[in-house]
Amino acid sequence: MIRGLLFDLDGVLVNTNPLHARAWQELAEELGIPFTSEDHQAFLGISRDRCLEMLLQKGNRTCTPGEKQQLCARKNHRYRELIGGLTPAALLPGVPEFLRAAREEGYRAALGSVSKNAGFILEKLEIAAFFDAVIDGTKIVNGKPHPEVFLKGAEALGLPPEQCLVFEDSVAGIQAAHRGGMKAIGIGTARQLPAAELTIPGFAGITPSALMALL
């Protein structure tokens, strides 16, 4: 029986992925490293530190730990500039209604995101009150596909993993859910996320109880 819902943030509740892509693109250009849409797809669900490692590897570049820290800080500073203008209008279709229905149907909800800006974004989107717990990049050591973020989310809700359902838009996120002993609903298509128990294009016109009937 599912009692807890764990949500990724980027690409699930709000589409900040293009803003991430722009910030990485600008940093890559400064470093003289080509950056394509395929590169950004590979970054989805991955921690900032790991993304930088992948970018440097592609460019055959080496940096000291201090330099890496500075590069990550520059990327994050630019990203925070870009998300500073977010409003509730940026929420993906159906998200507020789904979160409200989840509360009314008695589900507990947690955010499980590797983003270290998750709390800031929730406040900008005015949906923080819908979540009983927020587990973000400031509270974990291991990024997805490691299950830590979702296991901590389940723990924060006071529920065993098997009673939690994950909503994710990335392959790494689906893997993290499964490694944590949880079922996952993919936001996207079955072709993009073949391992998910169920895929949906988004939350518009859907309620948690209706989804449970399909699992």
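Contact, as the word is used here, means that heavy atoms lie within 4.5 Å. The structure is a predicted model, in which local features need a pLDDT of at least 70 and side-chain atom pairs count only at pLDDT 80 or more, while totals for chains, interfaces and linings use all residues. Residues are numbered from 1 along each chain as its sequence is written, and side-chain values use heavy atoms, with hydrogens and water left out.

Ala154 lies in helix α7, where helices (H or I, at least four residues) and strands (E, at least two) are DSSP runs numbered from the N terminus. With a relative accessible area of 1%, Ala154 is buried, a term that means under 20% relative accessible area, whereas exposed means over 50% and partly exposed in between (1.4 Å probe, protein chains only). The C-alpha atoms of Ala154 and Ser170, which are 16 residues apart along the chain, are separated by 19 Å.

The sheet comes next. Strands of a sheet pair through backbone hydrogen bonds, either parallel or antiparallel, and two strands are taken to pair if DSSP finds at least two bridges between them. Here 6 strands form an open sheet with parallel pairing, in the order β3-β2-β1-β4-β5-β6. Because β3 (133-135) and β6 (198-200) stand at the edges with a single partner strand each, one side of each is left without a neighbour in the sheet. Neighbouring strands of this sheet are turned against each other by 25 degrees on average, direction ignored. Within the sheet, β4 (residues 164-168) and β5 (residues 183-187) pair in the parallel sense over 4 bridges, and Leu165 stands opposite Lys183 in β5.

Helix α7 (residues 148-157) touches β1 (4-7), β2 (108-112), β3 and β4, and its direction makes about 150 degrees with that of β2. Helix α8 (residues 171-179) touches β4 and β5, and its direction makes about 165 degrees with that of β5.

Rings of Phe, Tyr and Trp (its six-membered ring) pair if their centres lie within 6.5 Å, with planes under 30 degrees apart counting as stacked, over 60 as edge-to-face and the rest as tilted. The whole structure holds 9 aromatic pairs. One of them joins Phe7 and Phe131 edge-to-face, at 6.0 Å centre to centre and 85 degrees between the planes. Phe7 lies in strand β1 and Phe131 in the loop between α6 and β3, so the pair ties together parts that are 124 residues apart in sequence. Both Phe7 and Phe131 are buried. The rings of Phe167 and Phe203 have centres 5.5 Å apart and planes at 55 degrees, so this pair is tilted. Phe167 belongs to strand β4 and Phe203 to the loop between β6 and α9 (208-212), 36 residues apart. Phe167 is buried with a relative accessible area of 0%, and Phe203 is buried with 2%. Phe7, Phe98, Phe131, Phe167 and Phe203 form one aromatic cluster.

Methods:
Axes fitted to C-alpha atoms, helices over the stretch in contact; angles between N-to-C directions.
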